[in-house]
Amino acid sequence: MKKRMVSLVLALVLAVGLLSMTVYADWNSFRGNDGNNMAIVDAQTPVDKNFTRLSWAATIGTLPGKDTVYVSQPVLSGNYIYAVAGTKLYKLSTDDGSIEKEVTLEGTDSYGLTQPAISDDLIIIALNDGRILAYDKDSLELQWRYDGVSGEQGASPVLVSDGRIYTGFWKSETGEAHFVCLNMSGELQWRHTQKGGFYWAGAVAVGDYVFVGTDDGEAKEVSGTSYILSFEKASGKQGAKLELKNYGDVRSSLAYANGRIYFTTKGGYLCSAAVDGKTGAITGLQKLENKIEGAVCESTSTPVVYDGYIYYGVGKTKGYFVIAKESENKSLEIAKTVELKGRSQGSALLTTAYLDADKKSGNL
């Protein structure tokens, strides 16, 4: 019997009456070009399903002999959307989803983890075997290729900051893998070897330093020590190492706001700490253990921080959306939880478009 092949669909949903939309030129971090790994916009996003409509849907990605093709998180630049699906990089029109260009990658992706970054008219993609590729944004012609360590999986977002490219790789729960820094020509500037490696661990740049979270290097869940590390951007000299014993893997990106980083862990914690962009210091750790009756509250969700509240997802077999409150002394407590219909491994988008109306109504 002929094996069934499935191509995933990339769909864009627009709200009727949408008045504003952020137009990015670059997309140089996990959540866009703000560099702080959060997603805060002023667009009037849908508040009710009755006020939405499907604008278009595009089918992309096929793999011969495979039942499933995974599509990466799409990124936006001007009038185009870029995404990796199967063995190809796609450039699609935001108007109707038509494929403007596509190119076969010189490497392989795993599970749609490869999210492109966009900077200086380059599409930058981290793939398996420690490989990083750069394509021209308009033509999709290959510009350069960096070959890293064989067997290392490209599993983390790419960060571009001050003319340098940063990303982490992963090999196994207990194996060693690398966090690397390249220049915009694809030349290795420095790299750091880490037991456990880096998985879904998006870095953030603050001042002269880049900060990133690690796996704990143990096969058993919540049994080892994960870390938040800082490195001087130019030299790769390590600035600090914050130990997180029995917190579980740090598999969220680090979000940055008001001098602090925020992140979640697979051990079920929401954490924050102060960071110094001049020295790389990491101090003042605050933690909140997510405890919801009847739920395993591991998290890989990158927090969104706004006006004293932190928004993120938790859950393994059952999912929850959590709103935590940050006090003046930076301590954390759960303010509200909302049960979801499935497991939460995503990261929230926050809009300020309805802020005045929310304040008048007394909504949180």
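Reader: How do S21 and strand S22 (residues 260-264) pair?

Author: S21 and strand S22 (residues 260-264) pair in the antiparallel sense over three bridges, where pairing requires that DSSP finds at least two bridges between two strands, and strands are DSSP runs (E, at least two residues) numbered from the N terminus. This is a predicted model, in which local features need pLDDT of at least 70 and side-chain atom pairs count only at pLDDT 80 or more, while totals for chains, interfaces and linings use all residues. Residues are numbered from 1 along each chain as its sequence is written, and side-chain values use heavy atoms, with hydrogens and water left out.

Reader: Which residue in S22 does Ala255 stand opposite?

Author: Ala255 stands opposite Tyr262 in S22.

Reader: And what is the strand order of the open sheet?

Author: The order of this open sheet of four strands is S21-S22-S23-S24, with antiparallel pairing. Its edge strands are S21 (255-257) and S24 (282-289), each of which pairs on one side only.

Reader: Switching to cysteines, how many disulfides are there?

Author: The count comes to zero disulfides, a disulfide being a pair of cysteine sulfur atoms within 2.5 Å.

Reader: Is Ser110 buried or exposed?

Author: Ser110 counts as buried because its relative accessibility is 13%; buried means under 20% relative accessible area, exposed over 50%, and partly exposed in between (1.4 Å probe, protein chains only). Ser110 lies in the loop between strand S7 (99-104) and strand S8 (117-119).
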